[in-house]
Amino acid sequence: MKTLITGGTGFIGKHLARELLSAGHKVVVLSRDKAKAVKELGNEIEIVVWRGTEGLPLNALQGVDCVVNLAGESIGSGRWTRAKKERIVASRVDTTRALTNSIKERTDKPKVFVSASAIGFYGPCGDEELTEGSPAGGDFLARVAKTWESEAYKTESPETRVATVRIGVVLGHGGALEQMIPPFRLCLGGPIGSGKQWVSWIHVNDLVGLIRFVMENDAVKGPVNATAPNPVRMEELCKALGQVMKRPAMLRTPEFLLRLIFGEMADLLLNGQRVLPRKALEMGYEFQFPTARSALEEVLLNWCQVPLN
């Protein structure tokens, strides 16, 4: 299978590209910076220069069986200024629109288009259990995710199957844990805000595995929640992290401080969603890391080499 990936030099994209390459796929990554992409991914992966919102280079889709769209500005870094929010939208919606338009113009269309989305689609929902059939929320991230997915489904045709993967908090060598580990190393870790908010997480290996599962199974289409089957509250996640690192998890970061530092972006940390991967389980995907403790142990002991004494 020949797979084209956007966002292939990002945290998730690098893991997916390497996994597909090891599985015998031919992998093409679209990137703004070819030299950086080659440095990140090596010479076995074909790099095609693309600016992100323009039409694809003429031959980029030639022979491609699957397109995986992972492009998107980070939502977890810095305050959500007006300019930042515009970049968040453009990097998702405009990029997906450009991909969709390029695919629609071709006679030899890819068999499957897998586009990233986010569990932010559902908005803050307290303790309510959320599945793929739950409605969209009304806050900023929910509106972005809804529009993002809408653009992706414009690719759907008799030739092209479309799935949108609603990604939760990804645990791996990078991502959210990069910001969580340093305070715990200094014995300064603990829950954010009340600690009662739900964290719907997924190990990066399961996310990559689930994306492959979606790519390779013709029956899977539409939204797919990319979260582990056992979401936890923030205080439970921090407790598990402290136990694995043998560090206390007692110091809370108060809500007022987060809002002072991050403004509107603090909502991302203070409001969670209790998201269940109903479709993945019903279709037969088997999670390698179904519990937060098992996921944290794998990441911290094998990848991050966190000292446990």
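**Ground rules.** I'm working on a predicted model, where local features need pLDDT of at least 70, side-chain atom pairs count only at pLDDT 80 or more, and totals for chains, interfaces and linings use all residues. Residues are numbered from 1 along each chain as its sequence is written, and side-chain values use heavy atoms, with hydrogens and water left out.

**Ser 102, continued.** Ser 102 sits in helix α3 (helices are DSSP runs of H or I, at least four residues; strands are runs of E, at least two; both are numbered from the N terminus). I skipped its neighbours within four places in sequence and found Ser 102 in contact with Gly 55, Leu 56 and Leu 61 (contact means heavy atoms within 4.5 Å).

**Lys 104.** This one is in helix α3 too. Lys 104 is partly exposed, at 47% relative accessible area. With neighbours within four places in sequence set aside, Lys 104 touches Lys 109 and Lys 154.

**α3 against α4.** Two packed helices are described by the angle between their axes and the distance between the axes. Here the axes of α3 and α4 (residues 140-153) come within 8 Å and cross at roughly 10°. That makes α3 roughly parallel to α4. My note on terms: axes are lines fitted to C-alpha atoms, for helices over the stretch in contact, and angles run from 0 to 180 degrees between N-to-C directions. Under 35 degrees counts as roughly parallel, over 145 as roughly antiparallel, 65 to 115 as roughly perpendicular, and the rest as oblique. Among the residues making the contact, I noted Ile 88, Val 89 and Arg 97 of α3, and Val 144, Trp 148 and Glu 151 of α4.

**Salt bridges.** How many salt bridges does the structure hold? I get 21 (a side-chain nitrogen of Lys or Arg within 4 Å of a carboxyl oxygen of Asp or Glu). Asp 94, Arg 97, Glu 151 and Lys 154 are joined in a network of them.

- Asp 65 bridges to Lys 111, with closest N and O atoms 3.2 Å apart. Asp 65 lies in the loop between β3 and β4 and Lys 111 in the loop between α3 and β5, so the pair ties together parts 46 residues apart in sequence. Asp 65 is partly exposed at 21%, while Lys 111 is exposed at 56%.
- Glu 73 bridges to Arg 87, with closest N and O atoms 3.3 Å apart. Glu 73 is in the loop between β4 and α3 and Arg 87 in helix α3, 14 residues apart. Glu 73 is partly exposed at 23%, and Arg 87 is partly exposed at 42%.
- Asp 218 and Arg 161 meet at 3.8 Å, N to O. Asp 218 is in the loop between α6 and β12 and Arg 161 in strand β7, so this pair ties together parts 57 residues apart in sequence. Asp 218 is exposed at 67%, whereas Arg 161 is buried at 11%.

Technical notes:
Buried < 20%, exposed > 50% of the residue type's maximum accessible area, 1.4 Å probe, protein only.
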